[in-house]
Amino acid sequence: MSQTDISKRNSSDVCREESYELGNLTKDLVSRTHERLTNCEIFEEVDSKVKRFEGETCGKTFSDRKNLNIRLGIHKNEKLFICNVCGKEFLFRSGLKTHFLIHTREKRYICDICNKAFTYIFNLKSHVLTHTKEKPYVCEICSKAFTQSGSLKSHLITHTKEKPHVCEICGKAFTNSSSVKLHMRTHTKEKPYVCEICHKAFSQGCAAKLHLRTHTKEKSHVCEICGKAFTQRGSLKLHLLTHTKEKPCICEICGKAFAHKSHLKSHLRTHAKEKPYFCEICGKAFTHKCNLKSHLLTHAKENPNICEICGKGFTQKCNLKSHLLIHAKEKPHVCEICYKAFTQCCNLKTHYLTHTKEKPYICEICSKAFTQIGSLKRHLRTHTKEKPHVCDICGKPFSQRSNLASHLLTHLNE
């Protein structure tokens with residue numbers, strides 16, 4: 001059979017490349033005819049010695065039969081290499097080898113600066129940028145810079161407002177597929193990341209890593225101004241705003257400024273009257289999750305934070321800290337107008353309203369205004385006739401805690 005018979009080509013408007021294999025003649029034919037093996041929805045013609053491959057799927061060409069077969073596997077979605085630990089499938093052997101390092105916990109790539117170890121070399125390269133402060137990937141729209149190209153890609157979607165990845169269960173949309181996968185775990189309750197020390201489970205790997213630092217007491221993120229250390233980079237960023245006094249997140253409704261985006265989101269719920277967190281015991285709703293947690297302790301009658309001086313218990317650690325200032329006679333919060341000092345920042349803020357005569361909390365029923373939200377809540381009970389404070393001895397209910405305290409004295413005199 002002549003070379004003309006073997007490599008005869010059909011010159012039509014449709015681009016079609018063909019190559020012929022005869023034993024070990026493939027490479028020789030490629031070098032002489034400059035033809036390349038073409039990936040395809042494979043079309044085969046077989047005679048006694050010749051197999052012909054004709055490509056029409058993606059038009060990609062290869063000079064090696066092995067690469068052609070790999071490409072065919074991609075089109076057929078064949079994953080030939082399977083992890084015997086978790087069952088995950090891979091198209092390439094190299095992918096399986098890289099994946100297997102997750103199970104062996106092998107970390108062969110060491111940072112020369114801080115000696116931190118990584119499983120993959122690309123993780124090490126990204127980590128080194130945290131030392132050099134280099135951010136080579138810059139957004140052309142807002143000039144924000146990133147250490148990784150993937151972070152830049154995710155950021156660019158924030159400009160387009162595009163959310164192409166939708167949850168099939170609740171319809172919530174996301175900018176990237178990884179966010180959908182994480183979100184799905186809120187439906188499936190899947191928590192694949194388990195702490196090896198206390199066995200607490202997490203839905204996200206990053207959350208498990210942060211949790212581990214509570215055991216190791218590692219605080220690698222240090223403030224260059226005051227030296228305070230933090231376990232998370234995000235906590236350090238928030239802390240730095242206390243030095244700069246910067247509040248970049250502005251509420252479009254009332255103009256109130258916040259240091260962090262999450263604080264703004266929580267604040268917006270007060271305008272929307274949104275209370276997504278419900279108590280399963282009494283049905284009371286809350287704007288913030290932390291408020292629900294504090295409320296649940298009132299049902300459990302649990303006060304885990306105990307003052308070592310007077311023995312008084314508190315549901316929250318922050319309340320205990322504020323209480324300790326009473327014993328220390330410390331009043332760090334000073335009014336800039338009259339120089340009156342307070343133990344708590346919230347008391348100072350309330351005090352400022354006496355100077356400004358501002359009453360921001362207004363009753364929706366009778367329009368009466370108050371300087372404090374607590375005063376508004378107590379006032380609302382005069383409309384609702386709600387009496388949440390109940391005497392444990394006789395069962396008599398009261399609208400205010402102070403009235404209950406006065407009532408309890410009547411039992412002491414019995």
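Buried residues have under 20% relative accessible area, exposed residues over 50%, and partly exposed residues a value in between (1.4 Å probe, protein chains only). The model shown is predicted: local features need pLDDT of at least 70 and side-chain atom pairs count only at pLDDT 80 or more, while totals for chains, interfaces and linings use all residues. Residues are numbered from 1 along each chain as its sequence is written, and side-chain values use heavy atoms, with hydrogens and water left out.

**View 1. Overview of the protein and its confidence.**
The protein contains 15 helices and 29 strands (DSSP runs numbered from the N terminus: helices are H or I with at least four residues, strands E with at least two). Of its 414 residues, 23% are buried. Contacts (heavy atoms within 4.5 Å) between residues at least 6 apart in sequence include 10% that join residues at least 24 apart. The average pLDDT (the predictor's confidence in each residue, from 0 to 100) is 75, and 80% of the residues score at least 70. Strand 3 (residues 44–46) has the lowest confidence, with a mean of 35, and strand 10 (residues 137–138) the highest, at 88. Residues 1–56 have a pLDDT below 50, and this stretch makes 92 contacts in the model beyond near neighbours in sequence.

Side chains of opposite charge can pair when their charged atoms come close. One salt bridge is found in a search of the whole structure (a side-chain nitrogen of Lys or Arg within 4 Å of a carboxyl oxygen of Asp or Glu). The partners are glutamate 190 and arginine 185, at 4.0 Å from N to O. Arginine 185 is buried, at 18% relative accessible area, whereas glutamate 190 is partly exposed, at 42%.

Cysteine 254 has a relative accessible area of 43% and is partly exposed. Cysteine 366 is likewise in no disulfide, and its nearest cysteine sulfur, in cysteine 363, is 3.7 Å away. The relative accessible area of cysteine 366 is 36%, which means that this residue counts as partly exposed.

**View 2. Helix 13 and its surroundings.**
Helix 13 covers residues 345–356, twelve in number, and spans 17 Å from its first C-alpha to its last, close to the 16 Å expected at 1.5 Å a residue (1.5 Å times one less than the number of residues). Leu348, His351 and Leu353 are its buried residues. Their cover includes strand 24 (333–334) and strand 25 (341–342).

**View 3. Histidine 407 in helix 15.**
Helix 15 (residues 401–412) holds histidine 407. Histidine 407 is buried, with 13% relative accessible area. Leaving aside residues up to four places away in sequence, histidine 407 touches Cys391, Cys394, Lys396 and Phe398.

**View 4. Threonine 242 and alanine 259.**
Threonine 242 belongs to helix 9 (residues 233–244) and is partly exposed, at 44% relative accessibility. From threonine 242 to alanine 259 the distance is 8.4 Å, C-alpha to C-alpha, with the two 17 residues apart in sequence.

Methods
Disulfide = S-S within 2.5 Å.
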